[in-house]
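Keep the model open while you read.

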Amino acid sequence: MTVKEYLLERMKKGTIHLTLLDPDKQPVEDAANIARKAEEAGTDAIMIGGSTDVTQDNLSATASAIKKACGLPTIYFPSGANAISEKCDAIFFMSMVNSTSIDWVIGEQVKGSLITKKLGLEPISMGYIIVEPGMKVGEVGKARPVKRDNIKEAMAYALACEYLGMNFVYLEAGSGADRPVPPEMITAVKQILSVPLIVGGGIRTPEAAEAARIAGADAVVTGTFVERCSDNCELMKVIKASKG
Ligand code: 1GP
């Protein structure tokens, strides 16, 4: 089974939870421990990536350590073509569709496509839409973030991604955002889409995770919270609330 098939299969049963680990944020052993704990708490897959300072070395070392520590699929969540590792099972082959720079819409993807093929990484195509506040990824990606009250624009971007053949759509408020994507935006986008909707950025409480799930997210992503959480009980609550 491919990683894409695995994700779709899990989504048939309800919302899934994805754990995002940034290779630059902790030593590899810690990343492996966090992945193991998240697996025990019920997360469905591990995404590896960050907006800055991801290198071939820290990416490969983190992915290898995570692979040894847990049995879940690992998906590279790239910040560009500068680092791509065969130690991951798959790569979100994504376009930041509301970037003002062609580099993030298609340039980095052109640089990375042949490498992805050569490494035998499974590409999973994804439309990536930055929503306010957008945080570091919005800044680095030169995004023109969708305003929180501009639901129609979010719907239009998402549908354009689907019509362009992307397999998943990701609404991203940015890592560490003080406000996650508004639930009413998630609901409106979900209603117009036929492909799965991933939501992340600023989700760090069971209430926020539940709100995203109930609003219609097919996958809830948490990064900062999982990386910083030392209380297994709290970790379980957020993952459980994401999955219902
Ligand atoms: C960032 O959506 C993810 O790409 C996760 O955000 O770190 O705020 O959970 P957080």
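Cys161 has 0% relative accessibility, so this residue counts as buried, the cut-off being under 20%. The model is predicted. Its structure holds zero disulfides. Cys233 is in no disulfide. The nearest cysteine sulfur to that of Cys233 belongs to Cys229, and it lies 9.3 Å away. A disulfide is counted here when two cysteine sulfur atoms are within 2.5 Å.

Next, the core. The largest nonpolar core has 81 residues. Leu7 and Phe92 have the most contacts inside that core. What does Phe92 touch, leaving out residues up to four places away in sequence? Its partners are Leu7, Met47, Ile75, Tyr76, Phe77, Pro78, Ile124, Met126 and Ile198. In soluble globular proteins, nonpolar side chains tend to be buried together.

Now the whole chain. The protein has 10 helices and eight strands. Of its 244 residues, 54% count as buried. Take the contacts between residues at least 6 apart in sequence: 75% of them join residues at least 24 apart.

Some overall values follow.

| Property of the protein | Value |
|---|---|
| Radius of gyration | 16 Å |
| Span of the C-alpha trace along the principal axes | about 45 × 40 × 35 Å |
| Accessible surface | about 10700 Å² |

How does the radius of gyration fit a compact globule? With 244 residues, such a globule would have a radius near 18 Å, so the 16 Å of the protein agrees. Carbon and sulfur atoms hold 54% of the accessible surface.

Note on methods:
Residues numbered from 1 in each chain as written. Predicted model: local features only at pLDDT ≥ 70, side-chain atom pairs only at ≥ 80, totals over all residues. Heavy atoms only, no water. Core = buried A, V, L, I, M, F, W, Y, C linked by side-chain atoms within 4.5 Å. Buried < 20%, exposed > 50% of the residue type's maximum accessible area, 1.4 Å probe, protein only. Contact = heavy atoms within 4.5 Å. Helix = DSSP H or I, 4+ residues; strand = E, 2+ residues; numbered from the N terminus. Rg over C-alpha atoms; globule rule 2.2 N^0.38 Å. Areas by Shrake-Rupley, 256 points an atom, 1.4 Å probe, with all protein chains shown as cover.
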